[in-house]
Each structure stands twice: as C-alpha cells, then as structure tokens.
Amino acid sequence: YLSGLVVDEVARFAARWAPGAFRSSWFGPAVERLREHRRRGDRVVLLSGTPAFLARVIAAELGADDAVGS
C-alpha cells in the first residue's frame with residue numbers, strides 16, 4: 001500500500017498525523033509499566049510490525065528510547 005510513495009513524504013505525513021492518533025487504543029496497564037521502566041532508568045524500545053517510520057512516532061509518543069519496525 002506504500003509502494004511508489006516517496007519515503008520522506010510519507011514519514012513527514014506520519015510525523016504530523018500519528019501523534020495522538022493511537023492514544024485511545026493504548027492498553028493503560030502496559031503504558032504504566034513502560035513508564036515505570038523509564039522511572040527506573042531502563043532503556044525502552046518499541047518492537048513493532050508496523051512500518052519503521054510509524055513505529056518511531058509511536059515510540060516517541062510513548063516515551064520510549066527507540067523503535068524497531070518492519
């Protein structure tokens with residue numbers, strides 16, 4: 001579905017659209033556990049099957065240190 005699109009343009013669109021778009025679907029206890037890890041100084045990385053440009057935006061929204069997507 002992304003075939004033929006310019007990577008930088010899609011990434012810019014995702015950076016504008018994605019923040020806040022997924023918050024309502026986050027599982028509260030999992031987000032709280034992530035925050036607890038951050039408070040303890042643990043490094044948090046989001047591993048996802050979503051495209052990497054979107055995973056990075058979601059990781060930033062969650063406060064994760066990094067993201068790995070497909």
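Trainee: In which helix do arginine 39 and glutamate 36 both lie?

Mentor: This is a predicted model, in which local features need pLDDT of at least 70, side-chain atom pairs count only at pLDDT 80 or more, and totals for chains, interfaces and linings use all residues. Residues are numbered from 1 along each chain as its sequence is written, and side-chain values use heavy atoms, with hydrogens and water left out. Arginine 39 and glutamate 36 are three residues apart, about one turn of the helix, where a helix is a DSSP run of H or I with at least four residues, numbered from the N terminus. The helix that holds both is H2.

Trainee: At what N to O distance do the side chains of arginine 39 and glutamate 36 meet?

Mentor: An α-helix has 3.6 residues a turn, so residues three or four places apart point the same way. The two side chains meet in a salt bridge, that is, a side-chain nitrogen of Lys or Arg within 4 Å of a carboxyl oxygen of Asp or Glu. For arginine 39 and glutamate 36 the N to O distance is 3.0 Å.

Trainee: How are H1 and H3 oriented to each other, roughly parallel or roughly antiparallel?

Mentor: The axes, lines fitted to C-alpha atoms over the stretch in contact, with angles from 0 to 180 degrees between N-to-C directions, come within 9 Å for helix H1 (residues 7-17) and helix H3 (residues 52-62) and cross at roughly 25°. Because angles under 35 degrees count as roughly parallel, over 145 as roughly antiparallel, 65 to 115 as roughly perpendicular and the rest as oblique, H1 and H3 are roughly parallel.

Terms used
Helices (H or I, at least four residues) and strands (E, at least two) are DSSP runs, numbered from the N terminus.
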